[in-house]
Amino acid sequence: MEASGYGVRQAKTVKDAFRFLEEERPGLVLCDIMLPDNHGFKVCEKVKTTPGLENVRVIMVTAKSSLADRRLAKRVGADGYLVKPFNPKDLLGMVKDFYPPSTP
């Protein structure tokens, strides 16, 4: 992603992710559904309902491929849904759709 003009940050915990979101206000978040300290659906819903973060785009990246999971992602506000394993070009294409890279 960085080679394509995107800055990438990784959070080890949901608490760290929200600290970063509050401080940096990125335009896009990639969020797994199965997290060690929370559930990605809850994280997405919190991003979309937190004042100042509601316009942050969220792409769920997950191994869960059921229609029920896709519907739940949409219901909590996910802007995209990408099932693992995926081609990195597919991820980059989705990211570009939502958040074009900045130009120097």
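**Before starting.** Residues are numbered from 1 along each chain as its sequence is written, and side-chain values use heavy atoms, with hydrogens and water left out. Because the model is predicted, local features need pLDDT of at least 70 and side-chain atom pairs count only at pLDDT 80 or more, while totals for chains, interfaces and linings use all residues.

**Stop 1: the largest nonpolar core.** Select Phe 18, Val 47 and Met 60, which touch the most other members of this 19-residue core. A nonpolar core is a set of buried Ala, Val, Leu, Ile, Met, Phe, Trp, Tyr and Cys residues joined through side-chain atoms within 4.5 Å; buried means under 20% relative accessible area, exposed over 50%, and partly exposed in between (1.4 Å probe, protein chains only). Next, colour helix H1 (14–24), strand S1 (28–32), helix H2 (40–49), strand S2 (57–62) and strand S3 (80–83), the elements that give two or more residues to this core. H2 gives the most to this core, four residues. Helices (H or I, at least four residues) and strands (E, at least two) are DSSP runs, numbered from the N terminus.

**Stop 2: Val 47.** Leaving out residues up to four places away in sequence, Val 47 touches Phe 18, Leu 21, Leu 53, Glu 54, Val 56 and Val 58. Contact here means heavy atoms within 4.5 Å.

**Stop 3: Thr 50.** Move to the loop between H2 and S2, where Thr 50 is found. Is Thr 50 buried or exposed? Thr 50 counts as buried because its relative accessible area is 14%. Now display Lys 46: its backbone oxygen lies 2.5 Å from a polar atom of the side chain of Thr 50.

**Stop 4: Gly 77.** Select Gly 77 in the loop between helix H3 (67–75) and S3. Gly 77 has 23% relative accessibility and therefore counts as partly exposed. Apart from neighbours within four places in sequence, Gly 77 is in contact with Cys 44 and Lys 48. Val 14 is 63 residues from Gly 77 in sequence, and the two C-alpha atoms are 17 Å apart.

Key
Polar contact = N/O pair within 3.5 Å; in protein donor to acceptor, adjacent residues only side chain to side chain.
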